[in-house]
Amino acid sequence: MRGVLAGDGRAGLPARDVLWQAVLHRDARFDGVLVYGVTTTGIYCRPSCASRKPRPGNAVFFAGPTDAEADGFRACTRCQPNTGTGVDPDLSKNLWISSEY
């Protein structure tokens with residue numbers, strides 16, 4: 001599994017605890033910036049998805065749907081993370097700086 005290990009500098013993602021808090025709080029500010037995959041189901045979702053949250057150890061983070069699908073995950077039918085628009089890279093950068101998790 002190639003999931004982005006948050007905080008290791010790949011894909012410019014912030015620390016894993018920041019990403020996990022975004023998932024727990026269903027923070028829509030992270031939608032279009034990253035997706036998370038659930039290793040036990042093979043499904044990836046938007047951070048704001050209303051689905052049941054996985055155990056922290058079963059979640060991996062990806063910079064986008066393409067990365068998740070390349071790793072063998074399939075899109076959630078509830079939140080449809082493989083549809084929609086991207087986010088301006090400058091907005092993404094500012095999001096990491098201003099995150100208060």
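Hi everyone. Two strands count as paired if DSSP finds at least two bridges between them, and strands here are DSSP E runs of at least two residues, while helices are H or I runs of at least four, all numbered from the N terminus. With that in hand, strand E2, residues 43-45, runs parallel to E4 and is joined to E4 by two bridges. In that pairing, Ile43 stands opposite Arg74.

A word on what we are looking at: this is a predicted model, where local features need pLDDT of at least 70, side-chain atom pairs count only at pLDDT 80 or more, and totals for chains, interfaces and linings use all residues. Residues are numbered from 1 along each chain as its sequence is written, and side-chain values use heavy atoms, with hydrogens and water left out.

Now, the wider picture. The protein has three helices and four strands, in the pattern α-β-β-β-α-β-α along the sequence. The four strands make an open, mixed sheet ordered E3-E1-E2-E4. Its edge strands, E3 (59-62) and E4 (74-75), each pair on one side only.

What lies across E1 and E3? That is helix H1, residues 16-24, which runs at about 100 degrees to E3; the axes are lines fitted to C-alpha atoms, for helices over the stretch in contact, and angles run from 0 to 180 degrees between N-to-C directions.

Contact means heavy atoms within 4.5 Å. Among contacts between residues at least 6 apart in sequence, 62% join residues at least 24 apart.

Finally, burial: of the 101 residues, 44% are buried, meaning under 20% relative accessible area with a 1.4 Å probe, protein chains only. Thanks, everyone!

Notes
Buried means under 20% relative accessible area, exposed over 50%, partly exposed in between (1.4 Å probe, protein chains only).
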